[in-house]
Amino acid sequence: MKYDVTVIGSGPGGYVAALRCAQLGLKTALIEKYSTLGGTCLNVGCIPSKALLDSSEHFHNAVHTFTTHGIDIKGEVQVNLKQMIERKNGVIKQTCDGIDFLMKKNKVDVFKGIGSFVTKNTIKVSGEKEETIETDKVIIATGSKPSSLPGVEIDKKRVITSTEALNMTEVPKHLIVIGGGVIGLELGSVYARLGAKVTVVEYSGSIIPTMDGALGKELQRVLRKQGFEFNFNHKVKSATTKGKEVTVTAENDKGEMVEFKGDYCLVSVGRRPYTDGLSLENAGLKTDERGRIETDAHLETATKGIYAIGDVVKGAMLAHKAEEEGVFVAETIAGQKPHINYNLIPGVVYTWPEVAGVGATEEELKKNGVKYKMGSFPIRALGRARASMDIDGLVKVLADATTDEILGVHMIGPRAADMIAEAVVAMEFRASAEDVSRMSHAHPTYTEAMKEACLAATANRALHM
């Protein structure tokens, strides 16, 4: 079997790369070690977590806001976690089946098993049977796995990762979350809405520390209202289990040892590139100190003809970043001249309210000595927000002090994950804050906050505050 391109890994980066290669007329193979396509994102990441977030939000609203909306429920509203998990699994199956369909439609040959290099042009697939593929080009898209900490042993029962958190058989009474980043806050939100006490233990001084500081502060305020407890500047030393109790020991900023006790502990301290079993050395490749594969500007590795994308290379570990890279490499192999603007890949946190940002943060602009102006607008000033009872949050626009070009947009509010696309489009076309402020935004909508924030940035003249 001889292929023009072989893709190892079928996550968002891998399967999109395979589809684009096939669209461009390249004979393409896709290798996946698990029984279903879609990688972490579709099976144990983005898709299932959003399914549970949506289900838990429905429950939370039934308990807390339905009466205000004039919806009375007779009897106690109860969580049916088994059904919630079954619905989530149904969403996963539909999505993964869709990827199977796309592979067949585009005539991509799928191999199930572990792909490893024999040489740079020969790939062995170790599955139910062992097969060998000859290939001209290879795209490594094997993704990442959850990281842990020294002294913390993940038993997958009481001390768990995001994978196990998506398949709980009971709602925790007290969930301790190690790490105040995206994954910990999203899954913490799921179980907080269902009635769990959630305690976050974070090494740094804030949650979502890589995003604009205003977003972390506002999200912290909102999550506290939802019952979260936060412990910052705590270095976790251990997590031990005795029966049904987990004890997390951490050192605070005063050098004191403190303990947190709960029935479950979610370890969410980031992810690490996953290249196990690839036999990279047989292709003349090695990883850096963080386990990543080094690439050039074209995402080609040190071995000509072998490319790497997604979580195994530098940059944010985001599904949509991997997808962009998959298309980029496919088109590069086909002789086209694609581009990726890494500065304009948005980041999102799917709590409620949602959090999203793109471009430079205010902290980055200050650090780099960039002169800027800022405009912000509170979500509570929107008629649409008052109508839906989603009044927490803000939209913040950062623009160049001289040219008025938009340099960064950061928002927390209802549907921020969708609203951030307007900012990406504007910044791709190098729009000024005034440009956006003069565009008609439908009323009443949440996106009016973007227009108002741009008005505030342009001439401090927001209309509705």
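Analyst: Let's start with β9 and β15, which pair in the parallel sense over four bridges. This is a predicted model, so please read everything below as a description of that prediction. To find the pairing on your screen, look for Ile178: its bridge partner in β15 is Val267.

Now widen the view from that pair to the whole sheet. Five strands make up this open sheet, and their order is β8-β15-β9-β10-β11, with parallel pairing. Which strands stand at the edges? They are β8 (159-160) and β11, and each has a single partner strand, so one side of each is left without a neighbour in the sheet.

A helix belongs in this picture too. α6 packs on the sheet, where it touches β9, β10, β11 and β15. The direction of α6 makes about 145 degrees with that of β11.

Next, let's look at the nonpolar residues. The largest nonpolar core has 36 residues, and Leu185 and Ile208 are the ones with the most contacts inside it. Several elements supply at least two residues each, among them the strands β9 (174-178), β10 (197-201), β11 (228-231) and β15 (264-267). The helices α3 (46-64), α4 (81-105), α6 (182-193) and α7 (213-225) also each supply at least two. Which element gives the most? That is α6, with five residues.

Setting aside residues up to four places away in sequence, Leu185 touches Gly180, Val200, Ile207, Ile208, Leu219, Leu223, Phe228, Phe230 and Thr351. There is also a second, separate core of 33 residues, which includes Val397, Ala416, Ala433 and Tyr446.

Two packed helices are described by the angle between their axes and the distance between the axes. Here the axes of α3 and α4 come within 9 Å and cross at roughly 140 degrees. On the α3 side, the contact is made by Ile47, Pro48, Ala51, Leu52, Asp54, Ser55 and Ser56. On the α4 side, the residues are Met84, Ile85, Arg87, Lys88, Val91, Ile92 and Thr95.

For contrast, here is a sheet with antiparallel pairing. Three strands form an open sheet in the order β12-β13-β14, and the pairing is antiparallel. Its edge strands are β12 (235-242) and β14 (257-262), each pairing on one side only. Neighbouring strands of this sheet are turned by 20 degrees against each other on average, direction ignored. Between β12 and β13 (residues 245-251) there are seven bridges, and Ser238 has Thr249 in β13 as its bridge partner.

One last stop is β19 (residues 354-359). Is this strand buried or exposed? Six of its six residues are buried, so β19 is largely enclosed by the rest of the structure. β19 pairs with β18 (residues 347-349) in the antiparallel sense over three bridges, and a hairpin joins β18 to β19 through four residues. β19 also pairs with β22 (residues 406-413), again in the antiparallel sense, over six bridges. To spot that pairing, find Ala356, whose bridge partner in β22 is Met411.

Terms used:
Residues numbered from 1 in each chain as written. Predicted model: local features only at pLDDT ≥ 70, side-chain atom pairs only at ≥ 80, totals over all residues. Heavy atoms only, no water. Pairing = 2+ DSSP bridges. Axes fitted to C-alpha atoms, helices over the stretch in contact; angles between N-to-C directions. Core = buried A, V, L, I, M, F, W, Y, C linked by side-chain atoms within 4.5 Å. Buried < 20%, exposed > 50% of the residue type's maximum accessible area, 1.4 Å probe, protein only. Contact = heavy atoms within 4.5 Å.
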